[in-house]
Structure formats: structure tokens, C-alpha cells
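Please keep the sequence and the model in view while reading.

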Amino acid sequence: MQILETRVAPAWVDYNGHMNDAEYARVFSLAVEALMEHIGLDAAGRDRHRYTLYTLETHLCYRREAHEGQPLRVTLTLLDRDAKRLHVFFEMQDAEGNLLATSEQMLMGMNRESGRPDTFPAPVAEAIASLPSAAPGAWPALAGRTLGIRR
């Protein structure tokens with residue numbers, strides 16, 4: 001499911017002439033915000049439900065360079081979920097469909113009043129249930145990777 005379209009902003013380009021590594025994280029953060037809007041946790045939804053999402057963990061893989069002005073498209077696949085967590089996988093592609101980067105994230109639903117993890121409000125849980133999900137064992141090839149030097 002496409003969740004975000006944007007372009008590489010001039011301020012995101014570093015001394016190497018391509019998008020700085022931190023800016024890839026920015027784009028994936030914008031994709032989380034777009035996901036939140038999609039499931040009813042836009043500003044009004046966060047206020048109404050007194051609820052938000054926090055990012056617990058991110059695994060970002062860089063595959064290709066992105067350059068100033070280049071169109072970017074981010075897609076989302078839901079890998080897993082429970083009553084208060086989402087395990088999501090984002091893919092960033094260019095206009096030709098080349099994979100530029102991936103971001104695997106664990107998101108936690110948080111009660112804004114208590115500051116503690118809490119179950120998704122019912123309307124949010126219903127919206128989450130409609131997200132495109134990967135079947136167990138059919139995750140994208142770059143999902144579930146571990147970091148380490150292969151020997």
C-alpha cells in the first residue's frame with residue numbers, strides 16, 4: 001500500500017551530493033505520520049482518543065542513493081500486530097520503482113493521559129485490520145534481518 005509521496009528536498013542533500021542518511025529516517029518518519037493519519041490518529045484523532053504511536057525500534061537499510069528533487073514513494077506492509085503494537089515494513093522507491101531503502105519498525109500505541117502503552121481504540125484497531133498484511137513466512141526479503149558481520 002502506498003502511504004507517502006514526496007521529493008528529496010535541497011536541505012536533505014549532503015556533501016556527497018545525495019540524500020543524507022539521516023534524511024532517509026526523516027522520510028520514514030513522515031511515512032509513520034501518514035500511517036497515523038490513515039488509521040485515524042491525525043491531530044484530531046489523537047486529541048479525541050487521547051492516544052498516539054511511539055516508535056520503539058527501527059532497522060533502516062540503504063540500497064541506493066537519492067538525489068535532490070528526486071520523487072520518492074513509500075509503501076507499507078504490516079508484518080504483525082497485537083492489541084497495542086504494530087510491526088511494519090516500509091519500502092522507499094524512486095519513480096522507476098527502484099528500491100532506495102527499507103525501514104522495519106516496531107510501533108507502540110500510547111495512552112497520552114497516562115503516558116503508558118495501551119490497546120488501540122476500537123476505530124483505530126478496525127482501520128489497522130484493513131491494512132495490507134504479509135502472511136507469516138511471506139515477508140518481504142529484507143524484513144526480519146539482523147545486524148552483524150557475516151562469517
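What span should the 18 residues of helix H1 (residues 21-38) have at 1.5 Å a residue, and how far apart are its end C-alpha atoms?

## Basis of the report

This is a predicted model, in which local features need pLDDT of at least 70 and side-chain atom pairs count only at pLDDT 80 or more, while totals for chains, interfaces and linings use all residues. Residues are numbered from 1 along each chain as its sequence is written, and side-chain values use heavy atoms, with hydrogens and water left out.

## Helix H1

The 18 residues of H1 should span 26 Å, and the end C-alpha atoms are 26 Å apart, which agrees; the expected span is 1.5 Å times one less than the number of residues. Helices (H or I, at least four residues) and strands (E, at least two) are DSSP runs, numbered from the N terminus. At the start of H1, a side-chain oxygen of Asn20 comes to within 2.8 Å of the backbone nitrogen of Ala22, whereas just after the helix Gly40 adopts a positive phi of about 95 degrees.

The buried residues of H1 are Glu23, Tyr24, Val27, Phe28, Ala31, Val32, Ala34, Leu35 and Met36, where buried means under 20% relative accessible area, exposed over 50%, and partly exposed in between (1.4 Å probe, protein chains only). An α-helix has 3.6 residues a turn, so residues three or four places apart point the same way. The cover over the buried residues of H1 includes helix H2 (43-49) and strands E1 (2-7), E2 (51-62), E3 (71-81), E4 (85-93) and E5 (99-111).

Arg50 lies in the loop between H2 and E2 and has a positive phi of about 55 degrees although it is not a glycine. Most residues other than glycine have a negative phi. With 32% relative accessibility, Arg50 counts as partly exposed.

Asn111, in strand E5, counts as buried because its relative accessibility is 18%. Its side chain reaches the backbone nitrogen of Glu113 at 2.8 Å and that of Ser114 at 2.9 Å. Leaving aside neighbours within four places in sequence, Asn111 is in contact (heavy atoms within 4.5 Å) with Arg50, Tyr51, Arg116 and Asp118.

## The whole chain

The protein chain has three helices and six strands, which run β-α-α-β-β-β-β-β-α from the N terminus on. Of its 151 residues, 40% count as buried, and the C-alpha trace spans about 45 × 40 × 25 Å along its principal axes.

How values were computed:
A polar contact is a pair of N or O atoms within 3.5 Å; within protein, one must be able to donate a hydrogen and the other to accept it, and residues adjacent in sequence count only if both atoms are side-chain atoms.
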